[in-house]
Number of protein chains: 2
Amino acid sequence: MARRKQAVTIKHVAAEAGVSLQTVSRVINNEASVRPEMKVRVQSAIDKLGYVPSIAAQRMSGSRSYIILALNDRDRTIADWRARQGTDWVDQMLLGGMLSCAENGYRLIIELVDTHNDHVERELAAAIAALQPDGVILTPPHSDNPLITGLLAKRQIPFARIGSRSTGDGIALTMDDEGAAQQATQHLLALGHRSIGFIAGPADYQLSGWRGHGRSRDEHGRPACHG
Amino acid sequence: MARRKQAVTIKHVAAEAGVSLQTVSRVINNEASVRPEMKVRVQSAIDKLGYVPSIAAQRMSGSRSYIILALNDRDRTIADWRARQGTDWVDQMLLGGMLSCAENGYRLIIELVDTHNDHVERELAAAIAALQPDGVILTPPHSDNPLITGLLAKRQIPFARIGSRSTGDGIALTMDDEGAAQQATQHLLALGHRSIGFIAGPADYQLSGWRGHGRSRDEHGRPACHG
DNA sequence: CTGTTAGCGCGTTCAT
DNA sequence: ATGAACGCGCTAACAG
């Protein structure tokens, strides 16, 4: 297999703009301390070369993975598929969340798992280890599976529970309309924008003040998390 | 954001098993040259520690990304979603491919793009640069978009065109049944298993001889699928 | 057959 | 406000 390396890397951009790698990195991450002129120069170099950061590399150096994991019931999913009547989860849940992700430079990856199975934890743990998502979305019947919510809470991974009214860790969304996943996603992303480390008790986040823009992060504004 | 590092890495496994990283890597990738006893020792260490390789890291070192990219028309997708009648693409196309991917340790990521838009190429290029997928699946109307197929062919990225009869680069699947995407996926994966470098002309691969890879868990039989 | 050496692309301390 | 150096987890050459 032809080594699939990154065609144009941050290094090329740096050379093109005549600056150091870090400066480019700073521009990419929208950091403050960069002279406007530099910023412009780097940005034009980026556009010119059509550079796009590799999420794999980004993740490798400890930053976000820009990936949201969605857990769906395997059996149910397969059954629906075979019956060709899946107007169910996909449309309501997936698309909404997917759109929100896309709007913010994130990607939604769907993982099918068996809730009733004993190795739910293993499956989840494996998915998390492999993907290292920045957030997780749970759909019924996973939303109320303590093994799942417990693991997530334990690992400090932000997650949303769709179609669940019970209290507990994570964000619970009850609305069954097609906007559920979308909101869930936005919550997750919003959290990411605030350098989270929450999930320790009943949270109370306000979606209202959220505003979209891809990969930019501001460090202030701790989530109004009071238990 | 709490540095989301890999909890248990290949290094831990190596220590636990008392071997070198490379040996562990070889076991993970199911390479032949490893003494059975070593294999067992390493494997048990893996199980004991619950180790799962990070696809980000795997990709970083030039191997596969274990990701298949599926391109779908954005407008159409959103429209269907709003109309709550999406029994369309998702069920037929996505689920099938998704299942095939899952069965082989791969992940399917859906990307929405505007075919009619002029920057289709930019969008595609960006997605490829960011995700670096091992293969791409095209759905109508992308399947016959020369800008897309051209770019893919040029970059030597294996891809399948669903719902297209025209000849050209990539694999063309005409069947409209729910197995299309599944087959497309399998083709792609099969190619990967063979260290491809094809896509230069009409390819002719036989799906029949295909069989699961190391990290694939034998699931139940896949729905009928004739070449 | 197994261990050692080198990076992959990017973010992150320090230095400057 | 910038740059240099190091490390992340993993695999691909090369030894031995």
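This is a predicted model: local features need pLDDT of at least 70, side-chain atom pairs count only at pLDDT 80 or more; totals for chains, interfaces and linings use all residues.
Local features need pLDDT of at least 70 and side-chain atom pairs 80 or more, while totals for chains, interfaces and linings use all residues. Side-chain values use heavy atoms, without hydrogens and water.

Me: Which residues come nearest to DNA strand C?
Reply: Near means that a heavy atom of the residue lies within 4 Å of the strand. There are 28 residues around DNA strand C. Those that come nearest are A:Ile10, A:Ser61, B:Thr23, B:Arg35 and B:Met60.

Me: What share of the atoms of DNA strand C within 4 Å of the protein belongs to sugar or phosphate?
Reply: A polar side-chain atom of A:Ser25 lies 2.9 Å from a phosphate oxygen. For A:Ser61, a sugar or linking oxygen is 2.5 Å away. Bases make up the rest of the atoms within 4 Å; the sugar or phosphate share is 68%.

Me: Why do the buried residues of H5(B) line one face of the helix?
Reply: Buried means under 20% relative accessible area (1.4 Å probe, protein chains only). In helix H5 (residues 74-82) of chain B, B:Thr77, B:Asp80 and B:Trp81 are buried. They line one face because, seen down the axis of H5(B), they fall within an arc of 100°.

Technical notes
Residues are numbered from 1 along each chain as its sequence is written. Chains are lettered from A and ligands numbered from 1 in the order in which they are written. A polar contact is a pair of N or O atoms within 3.5 Å; within protein, one must be able to donate a hydrogen and the other to accept it, and residues adjacent in sequence count only if both atoms are side-chain atoms. Buried means under 20% relative accessible area, exposed over 50%, partly exposed in between (1.4 Å probe, protein chains only). Helices (H or I, at least four residues) and strands (E, at least two) are DSSP runs, numbered from the N terminus. The arc is that of the directions from the helix axis to the C-beta atoms.
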